[in-house]
Amino acid sequence: MTRILVNIISLQTIPNYLFIKDFYQKGDKLLFFTSSTMTNPLDYIIKTIKLTIELNDDDIEIRTLHEENWQTMCQEISSAIKSDIQYLVNTTGGTKYMSMAVSEEFHKHHNVRFFYT
């Protein structure tokens, strides 16, 4: 079963990097939830990860969440989840609002493991 490592982006990039470094296995894909103001930290994470892990751009998916609208944010998260994939979700980053939305949407599925680093 395909695995996807899920991270929520915030100004603190180290927890995201460590999570990926600790749990990544060859063949895994990465899914990042971010906001429009967090593009720089996301770029740093991706550039650093690509120095240590062999990834193609196709292995990385980025979803931008609109923090000011709970329903829209949850719909965007829900649309990223597929039933035939195992998800490892790092709830450490993002705002509390983003973390709660990611947690709520992924808890609806059985193929998910949650982590907090």
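Visitor: Let's start with T91. Is T91 buried or exposed, and what relative accessible area does it have?

Guide: Burial is read from relative accessible area, with under 20% counting as buried. This is a predicted model, and in it T91 has a relative accessible area of 12%, so it is buried.

Visitor: Where does T91 lie, and which residues does it touch beyond those up to four places away in sequence?

Guide: You'll find T91 in the loop between β4 and α4. Its contacts, once residues up to four places away are set aside, are I8, S99, S103, F114, F115 and Y116.

Visitor: How do I read a sheet, then? What order do the strands have here?

Guide: In general, strands of a sheet pair through backbone hydrogen bonds, either parallel or antiparallel. In this case there's an open sheet of five strands with parallel pairing, and the order is β3-β2-β1-β4-β5. β3 (60–64) and β5 are the edge strands, each pairing on one side only. From one strand to the next, the twist averages 20 degrees.

Visitor: Let's zoom in on β4. Why can strand β4 be called largely enclosed?

Guide: Count the buried residues along the strand. β4 covers residues 85–90, and five of its six residues are buried, so the rest of the structure largely encloses it.

Visitor: Which strands does β4 pair with, and over how many bridges?

Guide: With strand β1 (residues 2–8), β4 pairs in the parallel sense over six bridges. With strand β5 (residues 112–115), the pairing is also parallel, over four bridges. Over in β5, R113 is the bridge partner of L88, and F115 is that of N90.

Visitor: What does the chain cross through from β4 to β5?

Guide: The chain goes from β4 through helix α4 (residues 96–106) to β5, a right-handed β-α-β crossover.

Visitor: Which residues of α4 are buried, and what do they pack against?

Guide: The buried ones are M98, S99, A101, V102, S103, E105 and F106. They pack against β1, β2, α3, β4 and β5.

Visitor: You mentioned V6. Where is V6, and how buried is it?

Guide: V6 sits in strand β1. Its relative accessibility is 0%, so V6 counts as buried. Leaving out neighbours within four places in sequence, V6 is in contact with F19, L31, F33, Y87, L88, V89, N90 and F106. For a sense of distance, V6 and M100 are 94 residues apart along the chain, while their C-alpha atoms are separated by 14 Å.

Visitor: Now helix packing. At what angle do the axes of α3 and α4 cross?

Guide: Read the axis distance and the angle together. Helix α3 (residues 70–80) and α4 have axes that come within 9 Å and cross at roughly 50 degrees. That angle makes α3 oblique to α4. The crossing of α3 past α4 is right-handed. On the α3 side, the contact is made by W70, M73, C74, I77 and S78. The α4 side brings Y97, M98, M100, A101, V102, E104, E105 and F106.

Visitor: And how do α1 and α2 pack?

Guide: Helix α1 (residues 14–23) and helix α2 (residues 39–52) make an angle of about 30 degrees, and their axes are 10 Å apart. Angles under 35 degrees count as roughly parallel, so α1 and α2 are roughly parallel to each other. Their crossing is right-handed. The residues in contact are N16, Y17, I20 and K21 of α1, together with I45, T48, I49 and T52 of α2.

Terms used: Residues are numbered from 1 along each chain as its sequence is written. This is a predicted model: local features need pLDDT of at least 70, side-chain atom pairs count only at pLDDT 80 or more; totals for chains, interfaces and linings use all residues. Side-chain values use heavy atoms; hydrogens and water are left out. Buried means under 20% relative accessible area, exposed over 50%, partly exposed in between (1.4 Å probe, protein chains only). Helices (H or I, at least four residues) and strands (E, at least two) are DSSP runs, numbered from the N terminus. Two strands pair if DSSP finds at least two bridges between them. A crossover is right-handed if, with the strands pointing away from the viewer, the path from the first strand over the helix to the second runs clockwise. Axes are lines fitted to C-alpha atoms, for helices over the stretch in contact, and angles run from 0 to 180 degrees between N-to-C directions. Angles under 35 degrees count as roughly parallel, over 145 as roughly antiparallel, 65 to 115 as roughly perpendicular and the rest as oblique. A crossing is left-handed if the near helix is turned anticlockwise from the far one by less than a right angle, and right-handed if clockwise. Contact means heavy atoms within 4.5 Å.
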